[in-house]
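Below is a short note on the structure you sent.

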Amino acid sequence: MQSFKVTSIVILFLFILPVTARAESRVVTSTDLIENAASLDGDTVTYSGEVIGDILFRCDYAWINVSDGTNSIGIYIPDSEAKKIEYVGRYRVTGDTVSITGTFHRACAEHGGDLDIHATAVEIIEKGHPEEDNPSTSLLVTSGILTLCALAGAIFILKKKACVV
C-alpha cells in the first residue's frame, strides 16, 4: 500500500511539473547564428553548407569550417565523423556539402570564447569534386597576340640600338 502511494505521488508530479524537451533541432543559417547568437546559445541547431579550408585534427576531435555561402562557422566534430569528409573546398575543388546537428555556443568557454557548434551528427548531403580546368579560347588567342606584340617591340628596340652605334 505504501509503495502505491509513493508511485501515485511521483506520477502526479510528473504530470504537473512542466517538462521542456530540446530534442528537436532548429535549422539555421550563419546569419541567424550571428544575429541571434544570444537567443540561440546552448540550443541544438542544424546548419548546412560546404566544407572549406583544412580539417584540423586535435586528438579525438577535429575542426572544420562550413560555409553556407554567406559566412563560415567553425564546427568541432569527433574525428571519426571528420574522416567521412573526402573533399574540402579550395581553389579548383568543391568541398563536400554537409548537414551538421549540434549544440551552438555563442562564446564557447572550452574553446577560448569563440562562436562554434559542437557537432553530434554529421551527414554528407553531396560529395565534393575537383573542378575541371577549361581554359578560355579567347584568353589563349589574346595572350598569343600580346606575346607577338612584345616580341615585335623587342626586335624594334634592338634594331634601333644597333643603328646608333
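1. Contacts along the chain. The model is predicted. Among contacts in the protein chain between residues at least 6 apart in sequence, 52% join residues at least 24 apart.

2. Secondary structure. The protein chain holds 5 helices and 8 strands. Their order along the sequence is α-β-α-α-β-β-β-α-β-β-β-β-α.

3. Burial and surface. The protein chain has 165 residues, of which 25% count as buried.

4. Nonpolar core. In soluble globular proteins, nonpolar side chains tend to be buried together. Here the largest nonpolar core has 22 residues. The residues with the most contacts inside this core are Leu33, Tyr47, Ile64, Ile75, Ile77, Ile100 and Ile117. Two or more core residues come from each of α3 (37-40), β2, β3 (61-67), β4 (72-78), β6 (97-108) and β7.

5. Surroundings of Ile64. Which residues does Ile64 contact, leaving aside its neighbours within four places in sequence? They are Val51, Ile55, Ile73, Gly74, Ile75, Ile77, Ile85 and Ile100. Of these, Ile75, Ile77 and Ile100 are also among the core residues with the most contacts.

6. Side chains of opposite charge can pair when their charged atoms come close. The whole structure contains 4 salt bridges. One of them joins the side chains of Asp54 and Arg90, at 2.6 Å from N to O. Asp54 belongs to strand β2 (residues 44-58) and Arg90 to the loop between α4 (79-82) and β5 (93-94), so this pair ties together parts that are 36 residues apart in sequence. Asp54 is partly exposed, with a relative accessible area of 48%, and Arg90 is partly exposed as well, at 45%.

7. Glu86 and Lys127. A salt bridge also links Glu86 with Lys127, where the closest N and O atoms are 3.5 Å apart. Distant parts of the chain are linked by this pair: Glu86 sits in the loop between α4 and β5, and Lys127 in the loop between β7 (114-126) and β8 (129-130), 41 residues apart. Glu86 counts as exposed because its relative accessibility is 52%, the cut-off being over 50%. Lys127 is partly exposed, with a relative accessible area of 43%.

8. Asp133 and Arg92. The side chains of these two residues meet in a salt bridge with an N to O distance of 4.0 Å. Asp133 is in the loop between β8 and α5, while Arg92 is in the loop between α4 and β5, so the pair ties together parts that are 41 residues apart in sequence. Arg92 is partly exposed, at 40% relative accessibility.

9. Cysteines. A disulfide is a covalent bond between the sulfur atoms of two cysteines. How many disulfides does a search of the whole structure find? The search finds 0. Is Cys108 buried or exposed? Cys108 counts as buried because its relative accessibility is 3%, where buried means under 20%. Cys149, at 49% relative accessibility, counts as partly exposed.

10. Nonpolar surface patch. Leu148, Leu151 and Ile155 make a nonpolar surface patch of about 300 Å². Leu151 is found in helix α5, which covers residues 137-164.

Methods. Residues are numbered from 1 along each chain as its sequence is written. This is a predicted model: local features need pLDDT of at least 70, side-chain atom pairs count only at pLDDT 80 or more; totals for chains, interfaces and linings use all residues. Side-chain values use heavy atoms; hydrogens and water are left out. A disulfide is a pair of cysteine sulfur atoms within 2.5 Å. Buried means under 20% relative accessible area, exposed over 50%, partly exposed in between (1.4 Å probe, protein chains only). Patches are made of residues with over 30% relative accessible area and no salt bridge: like charges are joined within 9 Å, nonpolar side chains (Val, Leu, Ile, Met, Phe, Trp, Tyr) within 5 Å. Accessible areas come from the Shrake-Rupley method with a 1.4 Å probe; for residues, only the protein chains shown count as cover. Helices (H or I, at least four residues) and strands (E, at least two) are DSSP runs, numbered from the N terminus. Contact means heavy atoms within 4.5 Å. A nonpolar core is a set of buried Ala, Val, Leu, Ile, Met, Phe, Trp, Tyr and Cys residues joined through side-chain atoms within 4.5 Å.
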